[in-house]
Amino acid sequence: MFRRKKEKEEESQPPVQPEPRVSLAELINRYLDENKGEVSLAWFARQEKFPYIPPLLAVKEYVEAKGGSVTDMEELKKTFMRILESKMAFMGSAL
């Protein structure tokens with residue numbers, strides 16, 4: 001009799017809602033917002049015709065620390081560069 005009561009009590013508890021997943025693009029956008037110097041560095045490198053090497057390991061660690069997952073480094077690089085290009089375009093138009 002006591003056992004059934006416990007089971008019923010456990011069933012009546014609401015299930016724990018998992019934290020909503022944030023997209024890779026959103027996390028990269030947050031990374032670039034927190035590290036504004038990265039956009040400036042990339043913009044300067046483009047102006048001076050220097051090669052720009054994106055900090056993919058730092059971005060990967062940031063994404064994983066915020067609860068995201070990186071399965072493909074190429075996809076990470078493409079997404080990072082696409083968002084970086086848009087931020088540099090916005091930066092160039094603001095000048």
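The legends below describe close-up views of a predicted model. Local features are taken at pLDDT of at least 70 and side-chain atom pairs at pLDDT 80 or more, while totals for chains, interfaces and linings use all residues. Residues are numbered from 1 along each chain as its sequence is written, and side-chain values use heavy atoms, with hydrogens and water left out.

**View 1. The protein as a run of helices.**
The protein has 5 helices and 0 strands, in the order α-α-α-α-α from the N terminus. Helices (H or I, at least four residues) and strands (E, at least two) are DSSP runs, numbered from the N terminus. Of the 95 residues, 23% count as buried; buried means under 20% relative accessible area, exposed over 50%, and partly exposed in between, with a 1.4 Å probe and protein chains only. Among contacts between residues at least 6 apart in sequence, 69% join residues at least 24 apart, a contact being heavy atoms within 4.5 Å.

**View 2. Helix α3, residues 36-47.**
The 12 residues of α3 should span 16 Å at 1.5 Å a residue, and the 17 Å between the end C-alpha atoms agrees with this. The expected span is 1.5 Å times one less than the number of residues. Glu38, Val39, Ala42 and Ala45 are the buried residues of α3. They lie on the same side of the helix, because their arc around the axis is only 130°; the arc is that of the directions from the helix axis to the C-beta atoms. Lys36 and Gly37, on the other side of α3, are exposed.

**View 3. Packing of α2 against α3.**
Two packed helices are described by the angle between their axes and the distance between the axes. Helix α2 (residues 24-34) packs on α3 at an angle of about 85°, and the axes are 4 Å apart. Axes are lines fitted to C-alpha atoms, for helices over the stretch in contact, and angles run from 0 to 180 degrees between N-to-C directions. The two helices are therefore roughly perpendicular to each other (under 35 degrees is roughly parallel, over 145 roughly antiparallel, 65 to 115 roughly perpendicular and the rest oblique). Leu32, Asp33 and Glu34 of α2 meet Lys36, Glu38 and Val39 of α3. By class, this contact has 2 nonpolar, no polar and 4 charged residues. Ala, Val, Leu, Ile, Met, Phe, Trp, Tyr, Cys and Pro count as nonpolar, Asp, Glu, Lys and Arg as charged, and the others, Gly among them, as polar.

**View 4. The buried side of α2.**
Leu27, Ile28, Tyr31 and Leu32 are the buried residues of α2. Their arc around the axis is only 140°, which puts them on the same side of α2.

Lys49 sits in the loop between α3 and α4 (56-65), just after α3. Most residues other than glycine have a negative phi. Phi of Lys49 is near 60°, a positive value in a residue other than glycine. At 72% relative accessibility, Lys49 counts as exposed.

Thr79 lies in helix α5 (residues 73-94) and counts as buried, at 6% relative accessibility. Leaving aside neighbours within four places in sequence, Thr79 is in contact with Leu24, Ala25 and Ile28. Lys87 also lies in α5. Not counting residues up to four places away in sequence, Lys87 touches Asn29, Leu32, Asp33 and Val39. Lys87 and Lys36 are 51 residues apart in sequence, and their C-alpha atoms are 9.8 Å apart in space.
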